[in-house]
Amino acid sequence: MGIVNFLIFLLTLFISNVVHARPVSYPGGHTFMSKSNASYDSLYYHYSPTFKYSVGIESVIDKRINKKYAYARSTRLINRMNTKSSQRNFYAQGGISSNGFGHYFYGIHGDWETRRLFSGFGIKKTVVDDSQNDFERFVLLGIAPYLGGYGDLHSWLMVKSMRNSAMDNWKSYPVLRFFKGSFLVEAGYGQNTKWDAHLMYRF
Amino acid sequence: MKSIVLILAFFSLPAVANNCHTEANADHNHAHDHAQSNGGSEISANIEIDESKLKKMTAGLSNIKVAVVGVKGMVCDFCARGLEKAFKKDKLVVDLDVDLEKGQLMIVYNAEKNIDYNEISDKIIANGQEPIKMEVREI
């Protein structure tokens, strides 16, 4: 692990609470997430002691290197801005693999949403023994075709553009997101990226 | 470089959305001042209350108090889940309504409850949102 990468990693994991904050979930909230795409399948559980950060375990089946491993990971809200009609969040995340300190990831992601519009981005660098690095970026834009009330089914029509180290250029594909109560389902499909699915349950 | 531009653009988004932030903060400060001058008990500020919803919610109930609180950042269902959980832990809460459109919480308390703006404010802030103003009705 290069010293610069290591310092960025530490900064990401333990970045100060001084800045601002938002829940990764709400205080005392538990979350299960399942993700599946062309690169990996994962099952992730996290707990949020406060709305400012979460800690969790992610089990990963990495399709690119054909390996199974787990991450001890943390996500921390480093800045949030609430307005009457919008919310913007900016997070740092990091994790260490069960394979050892040579396999880790760090990144930032953010979102801004109103009841009608959504935008988000993510940048994530994964380092595997300083040799098989992956740099993944995505941008997600969405619009709600109707405005649901509290407890209703909420639907989003979205477009995701992403690129990782295995891709020559950015790939874009449509994504549908639905959530109701504590459940969220999101699915996207692109000719090159294939399925990108995400399930979430928060309690 | 592109990433840095993207991040900077992101930070400027709320300013594009509206300019409510400063106004809302002013309301919040005003509300706090008022709370302190009243011994931290209640706030009465100009808040647009959906009277028909209030009537429907309190139909058949008596000896209750209703706190209507404006909340910044309550723009999605997930954002409000924690608020519902936090307030419903209070045994004196009879019912609660989340209005995402107005950004308002309507909390129905048993009349025994001494409604304290600071207590409500703390719960909202602990959930990551910001209270703007509050009005209390006794029914």
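The largest nonpolar core of this predicted model comprises 25 residues. Those with the most contacts inside this core are B:A67, B:V69, B:L83, B:L105, B:M106 and B:I107. Several elements of chain B build the core, each supplying at least two residues: the strands β1 (64-72), β2 (93-99), β3 (104-110) and β4 (130-138), together with the helices α4 (77-88) and α5 (117-126).

When its neighbours within four places in sequence are left aside, B:A67 is in contact with B:I107, B:Y109, B:I115, B:I120, B:M134 and B:V136.

Apart from the core of 25 residues lies another core, which has 8 residues. Among them are A:Y53, A:L77, A:Y91 and A:I108.

The discussion now turns to the strands of chain A. Strand β5 of chain A, residues 87-97, is mostly covered, with 10 of its 11 residues buried. One of its partners is strand β4 of chain A, residues 67-82; the two run antiparallel and are joined by 11 bridges. A hairpin of 4 residues links β4(A) to β5(A).

Strand β5(A) also pairs with strand β6 of chain A, residues 100-113, in the antiparallel sense and over 11 bridges.

How values were computed. Residues numbered from 1 in each chain as written. Chains lettered and ligands numbered in written order. Predicted model: local features only at pLDDT ≥ 70, side-chain atom pairs only at ≥ 80, totals over all residues. Core = buried A, V, L, I, M, F, W, Y, C linked by C-beta atoms within 7 Å. Buried ≥ 20, exposed ≤ 12 C-beta atoms within 10 Å, placed from the backbone. Contact = placed C-beta atoms within 7 Å. Pairing = 2+ DSSP bridges.
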